[in-house]
Amino acid sequence: MTERARFPLGSDATIGILGGGQLGRMLALAAAKLGLKCHVLAPDPQSPAFDVVHRSTTADYTDTQALDRFAADVDVVTYEFENVPAETALFLSSRRPVLPDPAVLATTQDRLVEKQFVVDLGIGTAGFAAVDARAGLEAAIAAIGLPAVLKTRRFGYDGKGQFTIRSSADLDAAWAAIGGQPAILEAFVPFEREISVVAARGRDGQVACFDVTENEHRDHILKISRVPAAISSAHAKTAIDIATRIASACNYVGVLAVEMFVLRQGGKDTVLVNEIAPRVHNSGHWTLDGASVSQFEQHIRAIAGWPLALPQRRGRVEMTNLLGADAADYQRWLTVPGASVHLYGKAAIREGRKMGHVTVITPEQA
Ligand code: AMP
């Protein structure tokens, strides 16, 4: 890594962001709050982040000429999505610091490697087995049992590339549904709740976690996040401890989210890790209105080498995603007392597409 940048970055620095979706947009807005400039590189000329940045580049992630110019214009590079091609990260990190370190991408881009990494830290996950080809599916089921969830090892998100197998009659359909790619078979977790922890880790190793969030999905896509999660303080502490250990084990710099399941097992509640997202996360959007510092600002602070803030929650918070045609509801939300409306500036409405979100805060009883 070229350490041309001197940390902490000055307040006149330029942050380079790979990816121009709503996460890049909200990162850029947080950077602007701190006086920093952003340059976003993304392939889609209609990228929502382009509307709010100092400079933008429309280019493929493999366009080395564009990447070279981008690197020359920025002091540090970060990313808003986990599927940054390894060669892009390598190319950029020979020119500028890339944070979080791209090594974490190799772990989180592959569900099998990710699960093994978590288990090696002594943290629980659903039982899992590798399935390299259709012929391996029966053996994996014999090991894991049914029901089970077959997931592609790579490029899965929002429930894409996965299939729940309930009986041995489903095997061919499951294999076809995930496109016949190298996969992982996970035991189906009969969870009571899905929770997540959004954690920030600074260059000095300091970790600051937001309060545990409870997440409700519709059709595998996050619909509502509620904070605090309706779990005991002991389980909240366990969840925060898990996220902290994961962030520290990767020597992580920036914000990451750890998605977890809470389930009743053998008469007691257990917390299992489902997934790590090496980036700001939808379940942390509530922090924009509901906390003293947002996940986006924490990420920018971390990668700039600035001190993290200690987040304080402003009440009970509910964040609702505006998905697809829900976005047409924004006028109604504008009139709801206490509701804070965020729209991402996406022109085309598609089913399930994240168009915006709304946060409602209710003061907690003293
Ligand atoms: P993922 O893409 O792994 O985050 O999965 C998307 C959603 O599918 C999760 O948020 C859960 O609601 C559900 N899911 C994923 N894996 C499992 C599992 N092993 N058992 C039960 N539900 C799961």
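The model is predicted, with local features requiring pLDDT of at least 70 and side-chain atom pairs pLDDT 80 or more, while totals for chains, interfaces and linings use all residues. Residues are numbered from 1 along each chain as its sequence is written, and side-chain values use heavy atoms, without hydrogens and water.

Ser47 lies in the loop between β2 and β3. Its relative accessible area is 5%, so Ser47 counts as buried (under 20% relative accessible area, with a 1.4 Å probe and protein chains only). Beyond residues up to four places away in sequence, Ser47 touches Gly20 and Ala42 (heavy atoms within 4.5 Å).

An open sheet is formed by four parallel strands in the order β3-β2-β1-β4 (strands are DSSP E runs of at least two residues, numbered from the N terminus; two strands pair if DSSP finds at least two bridges between them). At its edges are β3 (55-58) and β4 (76-79). Strands β1 (residues 14-18) and β2 (residues 37-42) share five bridges, and Thr14 has Lys37 in β2 as its bridge partner.

The largest nonpolar core has 87 residues, with Ile15, Leu18, Ile246 and Met260 making the most contacts inside it (such a core is a set of buried Ala, Val, Leu, Ile, Met, Phe, Trp, Tyr and Cys residues joined through side-chain atoms within 4.5 Å). Another core, apart from this one, has 14 residues, including Ala129 and Leu137.

Definitions and conventions. Buried < 20%, exposed > 50% of the residue type's maximum accessible area, 1.4 Å probe, protein only.
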